Amino acid sequence: MIFLSVDFGTSSVKAAVIDQNECVLATYKCCYSLCTTSDEHAEIDALEVLEAFESIAKKAFAAYPMISGICFDAFAPSVLLMNEQGRPLTPIITHLDRRSRTECGDLIMKIPDFLDVTGVLPYPGGVSITTLLWLKRYDQSTFDKAFRFGHLTTLIYHSLTGRWAMDGVNASMTGLFRTFLGGWSGEILAAAEIPASLCPDITEPWDAPVALTAQAADRIGAHNPVRVWMGTQDVSAAQLGAGNHTDGDLLITSGSSEMLSLLCGSPKPDAAYYTRRSAFPGLWQVFAIGIGGFALEWFRKAFCREMTEQAFYEEYLPGELSKKQEPTVRFAPYLAGDRHCLDIRRGAFSELTLATGREEMFAAVLYGIQEPLRQILDQWIAKGFTIHRDVKITGNLVQSEAYLALKKHFYPEYELHHVEGSPLVGNVRLALETLKKE
């Protein structure tokens, strides 16, 4: 069997044609725009994403007409409202969006047991419910027209199958789902005055696939029968791609964001981190996220304008990392706010002197983006979570040996194993597991 596996990110969609032996036959990429504004909006044109996906799918099916399965993942939260035909009524409001701060405080006052039910507090950008309440408050006419809300995976699945669905991982990132018991929370929906009819059905990636519709097949040039699997969240797919599948398996991701994702059988919700479903029945993931490559790119554009992008990442970054000097300057890494805090947080340098130069500030950025997640990992250790000594690490930043050495400096008690950790492979592994049941 040959799959088209698709990974939707915040700036591009990547895809690969992969066979049942996990051999990658071809890869594709198409970019789209993340639109940010000074009032903390961060969104993507949903139609642009659909067009990018269909452009890639057409190329893949033209080259490999024997493709018989489509599986996918996407970043989350990635909230949008849709009409009865599945057309987007709003842009995709991303996890980088911070417009819904007021709605956070309102929810905590109304629902004191929010954390116990959902596994997370309603941080802006961390859950969908605050964005839905913002839309209801400031764009009532659009909210009233909506037939369903969903994440990007809901939009893609409906465009391919005509069915409304969301998997448990994405659902546990909405703030409307009973993360530990399953099912949408009637208590929270009622308190937030969100109609239950807006919620899609729960369909898991390990459930049986369904047929690609004739209309979708025509749009992407598929001429043979094709089955479609429900999509999941990108980090859950990456766990599978990295080979993690048991209680205590930890995945570190170093890319545009720095992330920790720990699979656990006995979750312990806490305000300091997220507790979510995983793509494995009977396991959850505790999760933390901070800024990563976005901060490095900000520094490059702000302080290294004389360098080309290639020179910055291939020469300057490794050269500065090779010095292995503890910074004398401090950097608070909150350029995109803090998804683990209700307060407004901003990036900042401190301990500057007249002798401070660019290199000291860069060292502070490199170290500063590591420290919040290391602190959260220490909390997990204190709570008694099982964490295996062998840890998988993935992401474009750790393709640099110098950056990988920095990560090892922050996690000295663990053996860090650099793996591809591709969500594209993870999607296929999920699909293959369902085929074993047939």
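Six strands are arranged as an open sheet in the order β17-β18-β16-β15-β21-β22, and their pairing is mixed. The structure is a predicted model, in which local features need pLDDT of at least 70 and side-chain atom pairs count only at pLDDT 80 or more, while totals for chains, interfaces and linings use all residues. Residues are numbered from 1 along each chain as its sequence is written, and side-chain values use heavy atoms, with hydrogens and water left out. Helices (H or I, at least four residues) and strands (E, at least two) are DSSP runs, numbered from the N terminus. Two strands are taken to pair if DSSP finds at least two bridges between them. Strands of a sheet pair through backbone hydrogen bonds, either parallel or antiparallel.

The edges of the six-stranded sheet are β17 (274-277) and β22 (415-418), each of which pairs on one side only. From one strand to the next, the twist averages 25°; axes are lines fitted to C-alpha atoms, for helices over the stretch in contact, and angles run from 0 to 180 degrees between N-to-C directions. Strand β15 (residues 250-254) runs antiparallel to β16 and is joined to it by five bridges. β16 is in turn joined to β18 by eight bridges, again in an antiparallel arrangement, with Met-259 standing opposite Ile-289 in β18. Four bridges link β17 to β18, which are likewise antiparallel, and Tyr-274 faces Phe-287 of β18 in this pairing. β17 and β18 form a hairpin with six residues between them, and Gly-282 in the turn has a positive phi of about 85°. Seven of the eight residues of β18 are buried, so this strand is largely enclosed by the rest of the structure. Buried here means under 20% relative accessible area, exposed means over 50%, and partly exposed lies in between (1.4 Å probe, protein chains only).

Ser-261 lies in strand β16 (residues 257-264), where Leu-251 stands opposite it. With 1% relative accessibility, Ser-261 counts as buried. Its side chain is joined to that of Gln-285 by a polar contact of 2.6 Å. A polar contact is a pair of N or O atoms within 3.5 Å; within protein, one must be able to donate a hydrogen and the other to accept it, and residues adjacent in sequence count only if both atoms are side-chain atoms. Not counting residues up to four places away in sequence, Ser-261 touches several residues, including Val-235, Gln-239, Leu-251 and Phe-287; contact means heavy atoms within 4.5 Å. Ala-279 is placed in the loop between β17 and β18 and, at 3% relative accessibility, also counts as buried. Leaving aside neighbours within four places in sequence, Ala-279 is in contact with Val-169, Trp-206, Thr-232, Ser-236, Leu-240 and Leu-430. The C-alpha atoms of Ala-279 and Leu-240 are separated by 8.4 Å, although these residues are 39 residues apart along the chain.

Helix α10 lies across β15, β16, β17, β18 (284-291) and β21 (390-394), and it runs at about 70° to β16. Helix α10 (residues 234-242) also packs with helix α16 (residues 423-436), at an angle of about 80° and with the axes 7 Å apart. That angle makes α10 roughly perpendicular to α16, on a scale where under 35 degrees is roughly parallel, over 145 roughly antiparallel, 65 to 115 roughly perpendicular and the rest oblique. The contact is made by Asp-234, Ala-237, Ala-238, Leu-240, Gly-241 and Ala-242 of α10, together with Pro-423, Gly-426, Asn-427, Arg-429 and Leu-430 of α16. These contact residues divide into six nonpolar, three polar and two charged; Ala, Val, Leu, Ile, Met, Phe, Trp, Tyr, Cys and Pro count as nonpolar, Asp, Glu, Lys and Arg as charged, and the others, Gly among them, as polar.

Another open sheet has five strands in the order β4-β5-β8-β7-β9, with antiparallel pairing. Its edge strands, β4 (34-36) and β9 (148-150), each pair on one side only. Strand β5 (residues 42-44) is joined to strand β8 (residues 92-94) by two bridges, and Glu-43 stands opposite Ile-93 in β8. Helix α4 (residues 129-138) packs on this sheet, touching β7 (78-82), β8 and β9, and its direction makes about 40° with that of β7.

Finally, ten of the ten residues of helix α6 (residues 152-161) are buried, so this helix is largely enclosed by the rest of the structure. α6 is followed by Gly-162, whose phi is positive, near 75°.
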